[in-house]
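Please report on the fold below.

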Amino acid sequence: MVDEKSMAGDVYFPAPEVIESAHIKSFEEVHAAATADLAGFWGKIAAENFEWYQPWETVLDDSNAPFYKWFVGAKVNIIHNALDRHMHTAARNKAALIFEGEPGDGRVYTYQQLNHEVCKFASVLRSLGVRKGDRVTIYMGRIPELMIALLACAKIGAMHSVVYGGFSTEALHGRIEDSESKVLITADGAWLRGNIIPLKQIANEALERAGAVQSVVCIKRTGQDVEMVPGRDHWYHDLMALPIADPNAPTEVMDAEDPLFILYTSGTTGKPKAILHTHGGYMVGTATTLKWVFDIKDKDIWWCAADPGWITGHSYIVYSPLVLGATSFMYEGAPTHPYPDRWWSLIAKYGITILYTAPTAIRGLMRFGESWPSRHDLSSLRLLGTVGEPINPEAWKWYHRVIGREQCPIMDTWWQTETGNFMITPLPCVPLKPGSATRGFPGVQVDVVDEDGVPAAANEEGYLVIKTPWPAMLRTIFGDPDRYVQQYWSRFEEQGWYLPGDSAKKDEDGYIWVIGRIDDVIKVSGYRLGTAEIESALVSHEAVAEAAVIGVPDELKGNIIKAYCILRQGFDGSDKLEKELRAHVGHEMGPIAKPATVEFVDNLPKTRSGKIMRRVLKARALGQDEGDLSTLAD
């Protein structure tokens, strides 16, 4: 609830009852304690809220920075805290996951039932030869088996590598090859907007060129005929019915710093980066941030409407809600299918208390007006949240007024695949400003600085930096530690600061306003897409000699992709070729990466060293000043 009498301009102050019931009642007190003793702060949280097979010797080892280590010497498995320990409490009979499919089918798993399925599938994976440290690629839609697959991998100490179900053949193939996965877990298809995404067909095409995969496990979801390769491919339901599927499978004891998963995020050099997270620190960071930011209570029904294929789903659908013993809701399909009130009807049907989604989704639903949500009882909601990109104030206010009935504080969170958990975020006790993620989570020292690392003046744009390590931070880029150092730590190496790659401003109250990417990554509907990946897809077409892509602001998606192509001799630009190139990128990378427009050009602005100056293209596209052109070759 927001105390309207306390509203001053665009500052929304939390109502007294919100503060009174929150886990954290004073941001300033907790932040001061964390700042004074970072290791002590996290050590106390880790000791009081989690179970460890063996305690740590050191909370934070910074002797080999930036390769930080947390809870050094501790033995743990995130699955022990997410499932095993609940088997000895009343939580075992509590709903862990409520699921509704797009066609309307539903399932509920108690903690005991979820643990039963995870143990069985963990045994299946072991029978397929998966061992501690092996990689398993997971490629499917938003269904309970996706959660079960992640948890089963973690239980046996294997690293899962989830590939978003909207990605196509090339993206899946590249990630399987890079991770050297032994097993692929997929489904026959996924429902989206009444259509079937042919996941198994896409997987088969990817595996024609991926040599490392020895076994494929396929879930029957949509029921259409699919090609199953004898000896390699197995139906999930057949394996789970065999005696090898042991419901009492043991949990692998892991070191706190042992890898939990890798997850690919787009980079500026073409090849996506495999971000590596570990069991101990990731567990402590994600569960603590969810508990404090969204004030999770025992009776809450939490809906993180992201896809588990992205970090938001890993952290706040799969792992941290289970560690906290919370009840999560999962919906398979699109928010507007079959009608624009599907989400609002689900909130009313299941009594959802907290909704966490992307500004893109909010803007998309705003288009249909207020009549659709007004048909449903949304009074169960007590908190709202946003993730994926900065939310524009207009959408924030609509979300607050129409969905939250001016009663629900909005937790606007900024973080990354790399950070593992919320980094800049309000707590329910913090006054809110529409469009600002407010301040760093307690213990997170965040700032905005200029080229030389000097703090920027109030409301001046600069580099967003994180000045201190945090438990859920990435440990490295899998297989490429040099790139990890170069990508995130080299820009402000002397100061030892982490560079997320975003620009931001800090206002007079210390509130952070994130602006967007400094590097060449485009955020479309909250998803990060590397310009080099899209350009590579375009150039792989026989007609294209060179390509450059930029992100152009879009009211609905945040950004849309605009492509510039230089054609090979013998090819002429046309509407037909533009459609063909858009479809080609969709096939190579998935529909999310399709350019909205393709412009055919004779040349591209480049530096003398041959680097395409995308900022010049963007300035031209937006009718803005092109700035310094002294490094332009022509």
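## Thr468 and its surroundings

Leaving out residues up to four places away in sequence, Thr468 touches Leu38, Gly443, Val444 and Gln445; contact means heavy atoms within 4.5 Å. The model is predicted: local features need pLDDT of at least 70, side-chain atom pairs count only at pLDDT 80 or more, and totals for chains, interfaces and linings use all residues. Residues are numbered from 1 along each chain as its sequence is written, and side-chain values use heavy atoms, with hydrogens and water left out.

Thr468 sits in the loop between strand E22 (462-466) and strand E23 (476-477). Helices (H or I, at least four residues) and strands (E, at least two) are DSSP runs, numbered from the N terminus. Thr468 counts as partly exposed, at 23% relative accessibility. Buried means under 20% relative accessible area, exposed over 50%, and partly exposed in between (1.4 Å probe, protein chains only). Val124 is 344 residues from Thr468 along the chain, and their C-alpha atoms are separated by 41 Å.

## H5 against H6

Helix H5 (residues 111-127) packs on helix H6 (residues 144-155) at an angle of about 60 degrees, and the axes are 8 Å apart. The pair is therefore oblique. Axes are lines fitted to C-alpha atoms, for helices over the stretch in contact; angles run from 0 to 180 degrees between N-to-C directions. Under 35 degrees counts as roughly parallel, over 145 as roughly antiparallel, 65 to 115 as roughly perpendicular, and the rest as oblique.

H5 passes H6 in a right-handed crossing. A crossing is right-handed if the near helix is turned clockwise from the far one by less than a right angle, and left-handed if anticlockwise. H5 contributes Leu114, Glu117, Val118, Cys119, Phe121, Ala122, Leu125 and Arg126 to the contact. From H6 come Met147, Ile148, Ala149, Leu151, Ala152, Cys153 and Lys155. By class, the contact holds 12 nonpolar, no polar and three charged residues. Here Ala, Val, Leu, Ile, Met, Phe, Trp, Tyr, Cys and Pro count as nonpolar, Asp, Glu, Lys and Arg as charged, and the others, Gly among them, as polar.

## Nonpolar cores

The largest nonpolar core has 192 residues, and Phe121 and Ile185 touch the most other members. A nonpolar core is a set of buried Ala, Val, Leu, Ile, Met, Phe, Trp, Tyr and Cys residues joined through side-chain atoms within 4.5 Å. H6 supplies the largest share of this core, nine residues.

Beyond its neighbours within four places in sequence, Ile185 contacts Phe121, Leu125, Val136, Thr137, Ile138, Tyr139, Met140, Ala149, Val217 and Ile219. Another core lies apart from the largest one. This other core has nine residues, among them Ile550, Tyr564, Ile566 and Leu604.

## H17 against H18

Helix H17 (residues 531-539) and helix H18 (residues 575-589) pack at about 120 degrees, with axes 9 Å apart. That angle makes H17 oblique to H18. Their crossing is right-handed. Glu533, Ile534, Ala537 and Leu538 of H17 meet Leu581, His584, Val585, Glu588 and Met589 of H18. The contact has six nonpolar, one polar and two charged residues.

Ala537 is in H17. At a relative accessible area of 5%, Ala537 is buried. Ala537 and Glu588 are 51 residues apart along the chain, yet their C-alpha atoms are separated by 6.2 Å.

## Backbone exceptions

Most residues other than glycine have a negative phi, and most peptide bonds are trans. Which bond joins Ala65 and Pro66? A cis peptide bond, with omega about 10 degrees. Pro66 is in the loop between strand E1 (58-61) and strand E2 (69-72). The bond from His337 to Pro338 is also cis, with omega near 0 degrees. Pro338 lies in the loop between strand E17 (327-331) and H12.

Glu180 is not a glycine, but its phi is positive, about 55 degrees. Glu180 lies in the loop between helix H7 (169-179) and strand E8 (183-187), and counts as exposed at 52% relative accessibility. Arg405 also has a positive phi, near 55 degrees. The loop between helix H15 (393-403) and strand E20 (410-412) holds Arg405, which is partly exposed at 29%.
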